[in-house]
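This report describes one protein chain for a reader who is new to structural analysis. Please keep the sequence and the structure in view while reading.

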Amino acid sequence: MSRTRVGPETIYATHHDRGAANSDLPPLVLIHGAGDSHVQWPPQLRFMAGVTVYALDLPGHGQSTGAARDTIEAYRDVVLAWADVLALPRFVIAGMSMGGAIAQAVALADPARLAGLILVGTDARLPVAPAILEGLRTDFAGTVRQIAQWVHRRTPDQAMVELYARRLLAVDPAVIIGDFEACNRFDVTAQVSQIDLPTLVIVGSEDRMTPARRSRWLAEQLPHAQLVEIDGAGHAVASEAPAVTADAIGAFLRDMV
């Protein structure tokens, strides 16, 4: 675990490097989705053997201090500033949902910092239904519970759904509203083809938030992308299929050296 001072804020991250001392693999930086924290990434990824892995809590999330942001670009700037403080060498950035938007923003703003890109359950634009934004303001608990259902496969593990809902219900509503507004503003469809980096796109076949057809489109736009579609998983693909997701990411990293 590490706490890194970035300006007036402290950014929390899990830090794991078991077996990485003699590895040529680049560091892996994991960025979570809206309203969540580093625990959204399963242990199979946070503690991947032979890889230096950082799983961040964005400002105002999890154990990080400071205020949450309401634009993807503002979160991008935090991630780059955090990497600067740590003097990270070229790293692979992996983002889930909103984290994937942040990862794309990093890749477009400062591609020289990156060795590669992993986009999980995300898209080049992330429109949010007005009813969700309004529901978060007027019926926070009910809307969060509806989101928790949509995030998972169509016949989900209800214990997993309930755990996800409890995590979000513990967060300040203003943080989640800001995150969803940031997603709603995000649109790099005209720029995404400029990302000239090795890229892995992962999506669940039952993703109802960022449908698999959008990930197929995304992979087609990126000049060096491969697509992994995981059958029977939803938007929470890393949680619902952790071993398959970790295997795909591990293979992608190994292919880079």
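In which loop does H235 lie? H235 is found in the loop between strand 8 and helix 9 (237–240); helices (H or I, at least four residues) and strands (E, at least two) are DSSP runs, numbered from the N terminus. The model is predicted, with local features needing pLDDT of at least 70 and side-chain atom pairs counting only at pLDDT 80 or more, while totals for chains, interfaces and linings use all residues. Residues are numbered from 1 along each chain as its sequence is written, and side-chain values use heavy atoms, with hydrogens and water left out.

**The surroundings of H235**

H235 counts as buried because its relative accessibility is 8%; buried means under 20% relative accessible area, exposed over 50%, and partly exposed in between (1.4 Å probe, protein chains only). The side chains of H235 and S97 are joined by a polar contact of 2.9 Å. Such a contact is a pair of N or O atoms within 3.5 Å; within protein, one must be able to donate a hydrogen and the other to accept it, and residues adjacent in sequence count only if both atoms are side-chain atoms. Leaving aside neighbours within four places in sequence, H235 is in contact (heavy atoms within 4.5 Å) with S97, G121, V151, D207, M209 and T210.

Eight strands form an open sheet in the order 1-2-4-3-5-6-7-8, with mixed pairing; two strands pair if DSSP finds at least two bridges between them. Its edge strands, strand 1 (2–6) and strand 8, each pair on one side only. Strand 6 and strand 7 pair in the parallel sense over four bridges, and I118 stands opposite L200 in strand 7.

**Helix 8**

The buried residues of helix 8 (residues 212–221) are A212, R214, S215, L218 and A219. Seen down the helix axis, these buried residues fall within an arc of 155 degrees, so they line one face of helix 8; the arc is that of the directions from the axis to the C-beta atoms. The face turned away from the buried side carries the exposed residues R213 and E220.

| Packing partner of helix 8 | Residues |
|---|---|
| helix 3 | 98–109 |
| strand 6 | 114–120 |
| strand 7 | 199–204 |
| strand 8 | 225–230 |
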